[in-house]
Amino acid sequence: MSIPYRAIVFDFDGLIVDTEQPIYEAYSTIFEELGATLPLSVWQNVIGQGVGNDAAFVHLESTIGREVDREAIRAEARARRRDVTLALPPREGAAELIAQAKAAGLTLAVASSSTSGWVNGHLDRLGLLPSFAAVCSRDEVGVPKPNPAVYCLALERLGVQPHEAFAIEDSPHGVTAAKAAGLRCVAAPNPLTANMDLRHADYLLPSMAGVSLSDVVAGLVG
């Protein structure tokens, strides 16, 4: 089928690589050690925002009745998840979809609420970095999703207008950011985001496994 787009902008965490589960598990363990639980309902307010996990810390501090050193906990969580995340493969179907998009002549970018070092490091170890003409991150724009700034930067670097591209996201915050930048958006949730409200996406893709680029585009424009 003819593809009416010039570019695709991908989220990273939870979409290309399912880093969300190890991050959640690391924080959950730390919270338990401090005398609190970390319900998924609380953590879902964090997903898609990078370090914007104030909701989780508000919950922790209200539960244990005192303030905590948030930066120290973030550093501890990073240390605990490091070995696990460095061994993670791409999500099933993600690398194949990227390869199909490249073969179809589309230009690709990443728009992430994580740091450039984190995203570039993972893409490089997986051999996916050369597939992307631009990798845009929170540290370049100063604000995380749902602010659309990182998507606006990706469009600028690709040299395309919003109607010439679409986004693929896994979280409500990410979908909101993409839509605010003027992009149509496909939602491909991971296990942590599968039960979240993604109705504002233009197309919901339950799984990327075995899905072709033509399938995605047909669902988006159909």
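1. Setting aside neighbours within four places in sequence, D170 is in contact (heavy atoms within 4.5 Å) with D11, D13, G14, L15, E20, I47, R91, A188, P189, N190, T193 and L198. The model is a predicted one, in which local features need pLDDT of at least 70 and side-chain atom pairs count only at pLDDT 80 or more, while totals for chains, interfaces and linings use all residues. Residues are numbered from 1 along each chain as its sequence is written, and side-chain values use heavy atoms, with hydrogens and water left out.

2. D170 lies in the loop between β4 (165–169) and α9 (172–180). Helices (H or I, at least four residues) and strands (E, at least two) are DSSP runs numbered from the N terminus. D170 is buried, with under 20% relative accessible area (1.4 Å probe, protein chains only). Which side chain of opposite charge is nearest to D170? It is that of R91, 5.6 Å away, and D170 has no salt bridge (a side-chain nitrogen of Lys or Arg within 4 Å of a carboxyl oxygen of Asp or Glu). Lys and Arg count as positive and Asp and Glu as negative; His and the chain ends are not counted.

3. The side chains of D170 and N190 do form a polar contact of 2.8 Å. The term denotes a pair of N or O atoms within 3.5 Å; within protein, one must be able to donate a hydrogen and the other to accept it, and residues adjacent in sequence count only if both atoms are side-chain atoms.

4. Strand β1 (residues 7–10) is covered on both faces: A7 and V9 are buried on one side, I8 and F10 on the other. β1 runs parallel to β2 (residues 107–111), with four bridges, and parallel to β4, also with four bridges; pairing requires at least two DSSP bridges. V9 has A109 as its bridge partner in β2, and F10 stands opposite I168 in β4.

5. In helix α8 (residues 149–158), V150, Y151, L153, A154, L155 and L158 are buried. The buried residues of α8 pack against β1, β2, β3 (134–136), α7 (138–141), β4 and α9.

How values were computed. Buried means under 20% relative accessible area, exposed over 50%, partly exposed in between (1.4 Å probe, protein chains only).
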